[in-house]
Amino acid sequence: MTLVPEVSLSSSCDLKMPVIGMGTSSYPPVDPETAKAAIIEAIKAGYRHFDTAYAYGSEKPLGEAIAQALSLGLIKSRDELFITSKLWASFAGRDLVVPAIKMSLSNLKLDYLDMYIIHWPLKLSQDVRQMPIAKEQAFPLDIKSVWEGMEECKNLGLTKAIGVSNFSCKKLEELLSVAKIPPALNQVEMNPLWQQKKLKEFCKAKDIHITAYSPLGANGTKWGDNRIVECDVLEEIAKAHGKTTAQISLRWVYEQGVSLVPKSFNKKRMTENLQIFDWSLTEEESSKINQLPQHKGVTFASILGPHDLMLELDAET
């Protein structure tokens with residue numbers, strides 16, 4: 001079993017988090033039993049950090065897997081795990097936040113989360129059932145009031161820390177100007193082909209930790225592609241190390257000082273994704289990766305539709 005290093009989060013929460021977590025979003029969605037079995041295998045392999053969301057539909061299978069892992073003795077206590085979930089955009093209203101986290105906790109059969117984050121920097125109407133959405137179903141996020149709801153979740157002990165996802169520097173500035181408790185974390189797309197240099201420096205200066213999703217390019221999803229696993233530069237470096245291109249990408253992300261949540265339900269790849277800590281990239285290799293052409297994979301317009309609000313959010317830095 002691989003021991004995963006931990007990172008200390010901001011002083012606002014005094015919390016340690018394993019630097020690699022298992023993402024549980026799947027497209028197309030897998031059945032709950034498949035998800036549960038994969039999570040059990042992940043715990044056996046050494047994963048202790050799990051990233052879920054109300055919108056993924058993976059909270060219940062994750063909760064069942066945690067209960068099974070406890071009964072099997074794979075873990076001694078829930079406290080050994082770091083569980084992140086997310087406030088879905090349809091619940092992005094001041095009075096909806098606490099009921100939303102309670103719904104997630106009920107799905108997970110847990111008393112508290114380690115991290116609760118705002119999934120997207122926008123609000124969706126309650127009647128959204130599919131993507132893309134109609135223009136009139138999306139609204140700008142009232143950051144101040146929604147963040148007050150997030151702060152209440154922390155103050156009630158329903159989560160140990162609060163954060164955001166898909167927030168630009170501009171949105172973070174807006175949030176920091178009104179927050180009593182600053183966000184501990186911003187979860188964003190980051191990989192060798194979308195390096196987020198400006199956002200990374202901004203977050204470092206503001207003591208906001210970055211977690212990278214799609215560190216392998218989300219190959220197999222409708223918004224991702226295979227540019228990372230088939231990147232010539234990464235393939236060349238992988239051959240030199242006797243590693244996979246995926247491991248080179250994950251190691252590069254890790255060396256940026258961020259945490260990461262790759263998603264794989266494949267037992268072999270799940271284990272390979274943890275095998276990035278006992279070697280490192282050379283300065284020359286890192287330099288080659290740093291010079292790769294940049295291309296954003298996940299856009300609001302590609303998921304929700306090319307409406308004015310989505311295009312505006314995609315244009316923010």
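Why is helix α8 (residues 245–255) largely enclosed by the rest of the structure? Before selecting it, note that this is a predicted model, in which local features need pLDDT of at least 70 and side-chain atom pairs count only at pLDDT 80 or more, while totals for chains, interfaces and linings use all residues. Residues are numbered from 1 along each chain as its sequence is written, and side-chain values use heavy atoms, with hydrogens and water left out.

Select α8 now: nine of its 11 residues are buried, so the rest of the structure largely encloses this helix. Buried here means under 20% relative accessible area with a 1.4 Å probe, protein chains only, and helices (H or I, at least four residues) and strands (E, at least two) are DSSP runs numbered from the N terminus. The buried residues of α8 include W252 and R251, and among the elements that cover them are β11 (209–213) and α7 (232–241), where contact means heavy atoms within 4.5 Å. After α8 comes G257, with a positive phi near 85°.

Next, select β10 (185–189), where five of five residues are buried. Five bridges join β10 to β11, and the two run parallel; strands pair if DSSP finds at least two bridges between them. E189 has Y213 as its bridge partner in β11. Strand β9 (residues 159–165) is also parallel to β10, joined by two bridges, with S165 partnered by Q187.

Finally, select Q196, in the loop between β10 and α6 (197–205). Q196 is buried, at a relative accessible area of 18%, and, leaving aside its neighbours within four places in sequence, is in contact with V188, E189 and M190.

Notes
Buried < 20%, exposed > 50% of the residue type's maximum accessible area, 1.4 Å probe, protein only.
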